[in-house]
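Q: I am new to this structure and would be grateful for a close look at one part of it. Please then connect that part to the rest.

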Amino acid sequence: MTRPVRASRRNVRRRLLAVPAVAAVIVAAAAGCASGSSGSSGGSQASGVQSINFGALLAQTGPSATTGKLSQQGIAAEVAIVNSTIGAGKFKLNPIYTDNQATDSVAVSAMNQLVSVNHVPATLSIYSGPTLAIAPVATRDQVVVINHGGESPQLAGASPYLFNAIPIVTDQTKSLIEYAVSHNHYKRIALYYEDNATGQGIAAILPSIVAATGAQFVGAVSFETTDTNYRSGLAKIEAMHPDAVFIGNLSVDVPGAILSQAKAIGFNPAWLGYSAIIADSTTKVGGSEANGLLADEPADVDPQTGQQYPAAAAFAKEFQQLYHTTPPHQAEWAGVAVQLLGSAVLQLVNAHKPVTGPNLQAALSKISVDTNLGHISFTSKNTVNGVPESIQEVKDGQFVTVSTVGQ
Amino acid sequence: MQATFIGGLVSVATYALVAVGFSLIFSVTKAFHFAHAVVYVLAGYVAYSVVAPLGVWAASVVGVAAAAATAAVIELVVYARMRRRRASHFTILIASLGLQYLILGVVGAIWGTYPLVLANPFVNLAPVHLGGFTFAWLDVFTVALAAVLLAVFLAWLYGTRAGSALLAVAENPAMAEALGISLPRARLTAMVVGTALSAPAAILGGFYQSLSPGMGATPLFIGFAAVLVGGAGSIAATLLGVTVLEFVSAFAGYWLPGQWSLAITFGVVLAFMLWRPRGLLSSRRRATAFVGQLAGAA
Amino acid sequence: MTPYFTQLLVFACVYALVAASVSITMGSAGLFTVSQAALYGVGAYTAALVEIHLGLDFLLVMLSSIAVAVAISVVTAFPALRLKAEYLVVGSLALQLVASAVFSQSSALGGADGLVNIPVPSVFGLAIEPNDFWIAALVVTAVAYALLYVVTGSPWGRLVRAIRDDEVAVAAIGKNVVTAKVSVIAIAGGAAGLAGALYACYVLYISPDDFSLQISVGFLAVALIGGATRLEGSIVGAVLLVALPQLLRLVTLPPNVQGQLQELIYGGFLVLFMMFRPQGIVGDWTAWRRARSAAPGPALGGVAARAPGPVVQLAVPAQAAGEADEGVVARDVSVSFGGLKALRGASLSVPLGTVTALIGANGAGKTTLVDVLTGFVRPDEGQVSWHGRDVTALGPQAMARLGMARVFQEARVFSGLTALENVLVGLPKQRREHVSLTLDLRPRVRRAERDAVATAMSFLDRVGLAEHASATAGQLSYGQQKLLCIARGLASGAQVLVLDEPSAGVSPVAIGRLQKTIDSLAADGLGILLVEHNIALVRNCAGVVAFMSQGRVTMTGPPDEVLADENMGREYLGVGRHGSSTAEGVGDE
């Protein structure tokens, strides 16, 4: 026999318990945030050394987390160098690592957090999609964004506050196509690209770049990021009879599979790509089909002297000390972003100007500084000038530098 | 066109392994084992870790064993316990979803999320030209391996006592139990065998492209769709379902932008449910019971 | 209010609304769908496009998001529901996939990059800057929740929960299941669409990634952890979803593990909850279980029991002079299932004021004949008439509305509802059972609802269950559940009551009560069809006994005659030459 009154009171009690439980969670969250942000408000001054906080948006979780770690290491290494050299006695850079999960919406909310909680004047960013997503926030809140991993052409001029520290794909592709056509005399070039912001960006500019070299652009086919079966697409490209195919991928494990499946259907054009194709999987999975592949990536070697840039050498030394390995490119480029930021901050500190977003923006627009990738400055569209490209060819299953071309 | 055909055939082979494994697990345990998508992938990762000392073939066997063992643990620690507490099918489905997240996290924590390369032993062989078709030795290996595994599996399922026990449990658990078949043991067997059957697909995936924690999502999806199209509870039907779906998808991919391929797959599934709800081969009763269980109605 | 807390609050509101949508479909209605993110996305894109191209007032933006989301969810759910309920899952999956494809392919929607630079919304000319958006979000969410509480607590909500517990039984009392389900989908769709509008108008940037299948599944998981059967569960789930990442920031672990922390924690939580507390943090265990449960307590939205009102006359029509009170009659019906002929020209009449017993061996076709009479199966040949009118083509709901009530052998009670609520669901013509009228809270309507409670109590009293009015139906004994089904059937306005093996599995004491009830109902003019194996009960109650064998009714007549017949005895009762018998129930009572 049930006792309705008691049971309903228990019910009500249970419901009331939910309220303080929820409140407790909120309070805990608030406490967490408060303690998390207590050490990171704006910049503080202590004995003449300014502490400059800056954001570092990268993928800490999700599929791109491993790449994010490389960025983090690169940033940490270069921050150590900057703080001990140009910043010594004047300022101290302090990175606030935040997760963007390589996703647009998470990047936007993370950016909002950096701006409103941590009051950073600048942040680093990576991946085209998320960087494009935070560009409006940068403009609106006047916070500088330095992109060191996205290469989409749409990044050019996306915001006066967005600076692209590595060459966007337009510039990389231009160098490569020019080299490829002039050395190997390709006549018909096709494009197989990944259906996302980067790939679509390549598809938009490749036809004109190819045309400018005198070769013919015969067509483009796209594939999805989640595809694993490229034979249909490759068959379509084969039907266009190209003598060279440019692979516009973003995911690193894709080109290898493309190559091996092309081989499986008996399709053997010359293969071209940009920095995203230079990976272990391309040679390991592509096998013999990869031999002869031409790609380029930003070079840390001076095309005139053939020597590594001093900044890059110093960076490599610090990285080796911290992590006991030579720095991968992702880390190196992250270092470039920090070098740019450090340089701009130095300018402002020397001129006794406050380190704010607008001031940094002004400084960066006119900057001209030595970095891991040489002496660089920014164009009117905030793309980077002066970064040489290293042309790499696959020989016997290894990527080998065959040339370094200036911009 | 012939390239598309070969591509479709290879896809059918690998997806069939995943689909049949999943179908076996589902028919016998009635649990919607979402986590299958990541448990079978474990085989590839474990193989990757031991390939240096053991060589690729032994490493693959070790990997498959590891995946099967994990499935056994899941059955014993999670599913069986939930069944003892009379959890509904839906609750078990959500638990499996949680397991999928959890194991994805574990894999990412141990091996990282960057795609890993599993060296393909056939990588440097020249392609084969046969009767107007061109394909790679890896393709031959994949199709042959899938065919052999499925044949051995079907022989075991229909020809041995243990296999028949599973069939009985799938058809009518109460009756099977009354006949003296141990339900817990049958379920455990189904989990282990189903996972072991699908695990080679992970190794093959590693050969073809790379290992990533989420690589099992699409194959599981296709497997689920295949079971719906082909009809639940029948292995032949699942195979037929995979074949139909893959070829539709491959040829559709030829003409339409790729983003639509999953949507098309499900359009086919939906069309089948409307036109032929019992599936291509299996009985209406089984098919609607399947989806009913899924909806938590059972 | 710092921008940081603004963000947390706004996201909590947005997630709460999507979780509420899950709570309504899954928790209240028991429908499993995976298209929450798609509808959330529809709402977001609608709001974004309206803001970008039309610049309408924020209120209109929200309304358009809700409208479009409702329209799309109804249009896609309706065909799936009409065919078979289970197809809803697949249909929702298809919707989600198509929506994702459209969001990322359509150039009007910005393609893979989504829509950027959405203008700041304004209400009555006053701009709502992102930093102030929390006010708008809280107000909107509070209003939405208030409405949802009223709606889910109304008779419509009760009907929906009844459908979750047993939709066949709902059809058998004459209520329209499909319409109710569609309305559930519509309301849930509207909630998700509203959430999307809030999101778009705050973040001012949306992309297809925000609305993928993964996100749907994530919302499902979070709503379940919070507790899907109660609306409060959605708030708990949303707060969890917002607070957890913030709490995780406090923890430092090896980098690889730190990166996967969210997956590990969410996954782990989900498994643990499903294993040990599937009803979620604040969920209602009895409602979740949908079956006999161990936990006591009134069900959700408990209606307070009251004293029984005046005895309500049963809905039996006055006997017209001279006209035989036929009740329901089956004439020469034949039914085949595949190759099996279940009925071969069976005829049976169930007149009012009489107890007609239907006996026969298993497989004789009794259940099929009952299915035909109640409208669950349409005969291949033959005719069914109701008071002389041809009703062969009518389905179970229509038959129920005419006055046919069926008590199933499995006692299909709505196990998550109280006994009183079970009976209330049976009452026809309840204004607030129509979803569009649930907000009609006028005194007149409320009074009618109180009267309904009194009416329901009187029906409970009739079957002797008045003191159990507030007990959860799943808690009652099997015998009590069967009585409850009778009460429910009476409430639906029964003129003919079909009792399918009511004594099966019931204690002898309860059989006694059953018999008393049957007698009194027949005395009040109800027509009763008693399908039974319990011969003693048949002998005591029945005015007419019909014997079925191999798909036909072979014998009809008074009990003494039929039960003594030799042929029938041999075939069914197993009475041998020496009078021994193996039939059920002989010797009882």
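How many contacts beyond four places in sequence does the model have for residues 1-21 of chain A, and under what value does pLDDT stay there?

A: The model has 20 contacts beyond four places in sequence for residues 1-21 of chain A, and pLDDT stays under 50 over this stretch. Here pLDDT is the predictor's confidence in each residue, from 0 to 100, and two residues are in contact if their C-beta atoms, placed from the backbone, lie within 7 Å. This is a predicted model, in which local features need pLDDT of at least 70 and side-chain atom pairs count only at pLDDT 80 or more, while totals for chains, interfaces and linings use all residues. Residues are numbered from 1 along each chain as its sequence is written, and chains are lettered from A and ligands numbered from 1 in the order in which they are written.

Residues 25-46 of chain A also have a pLDDT below 50, with 31 contacts beyond near neighbours in sequence. Chain A as a whole averages a pLDDT of 83, and 87% of its residues score at least 70.

Elsewhere in chain A, 3 strands form an open antiparallel sheet in the order S12-S13-S14. Helices (H or I, at least four residues) and strands (E, at least two) are DSSP runs, numbered from the N terminus, and two strands pair if DSSP finds at least two bridges between them. Strand S12 (368-371) and strand S14 (384-385) of chain A each have a single partner strand, so one side of each is left without a neighbour in the sheet. Strand S13 (residues 374-378) of chain A pairs with S14(A) over 2 bridges in the antiparallel sense, and Phe378(A) stands opposite Val384(A) in S14(A).

Chain A also touches chain B, in a contact that takes 33 residues from chain A and 32 residues from chain B. On the chain B side, helix H1 (2-29), strand S2 (133-135) and helix H10 (235-255) each supply at least two residues. The largest share of that side, 5 residues, comes from H1(B). By class, the side of chain B that touches chain A has 13 nonpolar, 18 polar and 1 charged residues; Ala, Val, Leu, Ile, Met, Phe, Trp, Tyr, Cys and Pro count as nonpolar, Asp, Glu, Lys and Arg as charged, and the others, Gly among them, as polar.

Chain B itself has 12 helices and 2 strands, with its elements running α-α-α-α-β-β-α-α-α-α-α-α-α-α from the N terminus on. Of its 298 residues, 61% count as buried. A residue is buried if 20 or more other C-beta atoms, placed from the backbone, lie within 10 Å of its own, exposed if 12 or fewer do, and partly exposed in between. Among the contacts in chain B with a separation of 6 or more, 73% join residues 24 or more positions apart.

Val242(B) counts as buried because it has 29 C-beta neighbours inside 10 Å. Leaving aside neighbours within four places in sequence, Val242(B) is in contact with Val12(B), Tyr15(B), Ala16(B), Ala19(B), Ile222(B) and Ala226(B). Its C-alpha atom is separated by 9.1 Å from that of Ser11(B), 231 residues apart along the chain.

The largest nonpolar core comes next. Such a core is a set of buried Ala, Val, Leu, Ile, Met, Phe, Trp, Tyr and Cys residues joined through C-beta atoms within 7 Å. The largest one has 448 residues, of which Ala43(B), Leu198(C) and Leu530(C) touch the most other members. H8(C) gives the largest share of this core, 18 residues. Beyond four places in sequence, the contacts of Ala43(B) include Gly63(B), Val64(B), Ala199(B) and Ile203(B).

Chain C is divided into domain 1 (3-289) and domain 2 (328-573), with bounds that come from an automatic or database domain assignment. The C-alpha centres of these two domains of chain C lie 41 Å apart, and 23 residues of domain 1 are in contact with 28 residues of domain 2. Among the helices that each supply at least two residues to the domain 1 side are H6 (155-165) and H8 (177-203) of chain C. H6(C) gives the most to that side, with 7 residues.

Strand S3 (residues 328-337) of chain C pairs in the antiparallel sense with strand S4 (residues 340-350) of chain C over 8 bridges, and with strand S6 (residues 381-386) of chain C over 5 bridges. Ala330(C) stands opposite Leu348(C) in S4(C), whereas the bridge partner of Arg331(C) is Gln383(C) in S6(C).
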